[in-house]
Amino acid sequence: MKVVITAGGKGTRIRSIAGEIPKAMIPVNGKPILEHQIALAKRYGFTDFLLLTGYLGNKIEDYFGNGSSWGVTIEYYQEKEPLGTAGAFAEVSDRLTSDFWVFYGDTVMDVDMVRMLDFHRVHHADATLFLHPNDHPFDSDLVEIAGDGRVSDFHPKPHEGYFRNLVNAALYIFSPSMLRHIPAGTKCDFGKEVFPQALALGTNLYGYVSAEYIKDMGTPDRYEKVCADVASGKVARLNSRNKRPAFFLDRDGVINREVDLLSSPEQMALLPGAAEAISRLNCAGYLAIAVTNQPVIARNLCSLHDLQHIHNKMETLLGEAHAYLDAIYFCPHHPDGGYPEERPEYKIACSCRKPKPGMLLQAAREWNIDMSASYMIGDRPADVQAGEAAQVKKSIMITSNTANALLEAVNTLLQ
Ligand SMILES: [Zn+2]
């Protein structure tokens, strides 16, 4: 399977660092960023590369040659003029006859490529896009997906309204069928043109959501941060093959102000300090995962669609404060029947409703969580019991609906 790397970027924004070299040749820990990418792919058995170069492309060819010094095969295509992130693919379509990877030559990443490829194959996707939350969704292009991961919409910036914090990280797997959405000889962009158009034509686009490290180094600030993250081992540590610690957080009364049977986005308001607490978890390398009982679904006071809107508002408010949740798990069930409007299919004794640990255990499987280094914070005994049943390191109760209660608890546990 080929790995196609777009390496035509000029890197104007970080020219102060790089001087006259192509962006993909900018050194990170003493090696060009492109060399890190080639090493990553090779680690997962992908050794066949096609580099799409442009500006000063000969410097890339001079360095890597045919790839034999790295034990890989490298071919090149040099753009005559810049064709955006996508345009050059039309020029090399005859070389792309089976599924292939797309890397951007200015991203630092460490991703379990086998896991992502499995996802792509299971879904028979035409394209799989790596998606993740970030700490500035308000000025990012956002992607909307359905429960099975199928992309349902794109929200390019600027956007208004409440959306899930899910950003295209610029790592893809394409089937050759995607190439027909790229016009020849025209400058075009995957995020702005190719994907929205492909989606409108009914193409199977899927979002692969992961908490692994992918960052571009667009500005000198970001560049310094990325280099520090490589040096500290953070980039490698976040690969999903490594277990990670998490904070499980109850929702109502802990993250947002609890109101009785919260069932509309207007009722969703963050508690003071909640975003700061979650941002601290993000920076400290913990997964931040909400686990919440939502019997409003079983009571039929709120549809799954409404609940998604409520969560979109919560994610939008957190994002405005540079904080993000890695995942939200909810239990829609309630064991006791007897309400006239209820939905009987949710009136069951499930294994996810806290104090049962089902949501935490599911999250542990899906995110490869090290429970022995993880915490649960809630405002009811059922939260504490769920954490204990899931065998987290510590499961604690804070005072409900109290400003800065979550922040103080997080600060104490992170000391
Ligand atoms: Zn349940």
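# Zinc site, domains and salt bridges

At 28% relative accessibility, Asp216 counts as partly exposed, and Asp216 is the partner of Arg222 in a salt bridge whose closest N and O atoms are 3.0 Å apart. The model described here is predicted. The protein chain is divided into domain 1, covering residues 2-236, and domain 2, covering residues 243-414, and a zinc ion is held by Cys331, His333, Cys350 and Cys352.

**The zinc site**

- The zinc ion is coordinated through the SG atoms of Cys331, Cys350 and Cys352 and through the ND1 atom of His333, at 2.1 to 2.3 Å.
- Because the 4 donor atoms subtend angles of 99 to 118 degrees around the zinc ion, their arrangement is tetrahedral.
- Along the chain, the donors of the zinc ion follow the spacing C-x1-H-x16-C-x1-C.
- His333 and Cys352 are 19 residues apart, and each of them sits in the loop between β16 (327-331) and α11 (358-367).

- The C-alpha centres of domain 1 and domain 2 lie 33 Å apart, and 15 residues of domain 1 are in contact with 17 residues of domain 2.
- The area buried between domain 1 and domain 2 is about 1300 Å², and carbon and sulfur atoms give 59% of this area.
- On the side of domain 1, the residues that lose the most area to domain 2 are Asp135, Tyr162 and Ala211, which together account for 40% of what that side buries.
- Across the interface of domain 1 and domain 2, the rule finds 0 salt bridges.

**The helix α11 and its surroundings**

- Several residues of α11 are buried, namely Gly358, Met359, Leu360, Ala363, Ala364 and Trp367.
- These buried residues of α11 pack against the strands β12 (205-209), β14 (246-249), β15 (287-293), β16 and β17 (375-378), and also against the helix α12 (381-389).
- Asn368 follows α11, and its phi is positive, near 50 degrees.

**Salt bridges**

- Side chains of opposite charge can pair when their charged atoms come close.
- By the rule applied here, the count comes to 14 salt bridges, and Lys2, Glu75 and Arg95 are linked in a network of them.
- In the pair of Arg222 and Asp216, Arg222 counts as partly exposed at 31% relative accessibility, and Asp216 likewise counts as partly exposed, at 28%.
- The side chains of Lys354 and Asp250 meet in a salt bridge with an N to O distance of 2.8 Å, and this pair links distant parts of the chain, with Lys354 in the loop between β16 and α11 and Asp250 in the loop between β14 and α9 (274-283), 104 residues apart.
- Lys354 counts as buried, at 3% relative accessibility, and Asp250 is also buried, with a relative accessible area of 6%.
- Arg299 forms a salt bridge with Glu341, in which the closest N and O atoms are 3.4 Å apart; because Arg299 lies in the loop between β15 and α10 (304-320) and Glu341 in the loop between β16 and α11, the pair ties together parts that are 42 residues apart in sequence.
- Within this pair, Arg299 counts as buried at 17% relative accessibility, whereas Glu341 is partly exposed, with a relative accessible area of 31%.

Methods: Residues numbered from 1 in each chain as written. Predicted model: local features only at pLDDT ≥ 70, side-chain atom pairs only at ≥ 80, totals over all residues. Heavy atoms only, no water. Donors = N, O, S within 2.8 Å, 3.2 Å for Na, K, Ca; no water. Tetrahedral: all angles 85-135°; square planar, octahedral: opposite > 155°, others 65-115°. Helix = DSSP H or I, 4+ residues; strand = E, 2+ residues; numbered from the N terminus. Domains from an automatic or database assignment. Contact = heavy atoms within 4.5 Å. Buried area = accessible area lost by both parts, 1.4 Å probe. Salt bridge = Lys/Arg side-chain N within 4 Å of Asp/Glu carboxyl O. Buried < 20%, exposed > 50% of the residue type's maximum accessible area, 1.4 Å probe, protein only.
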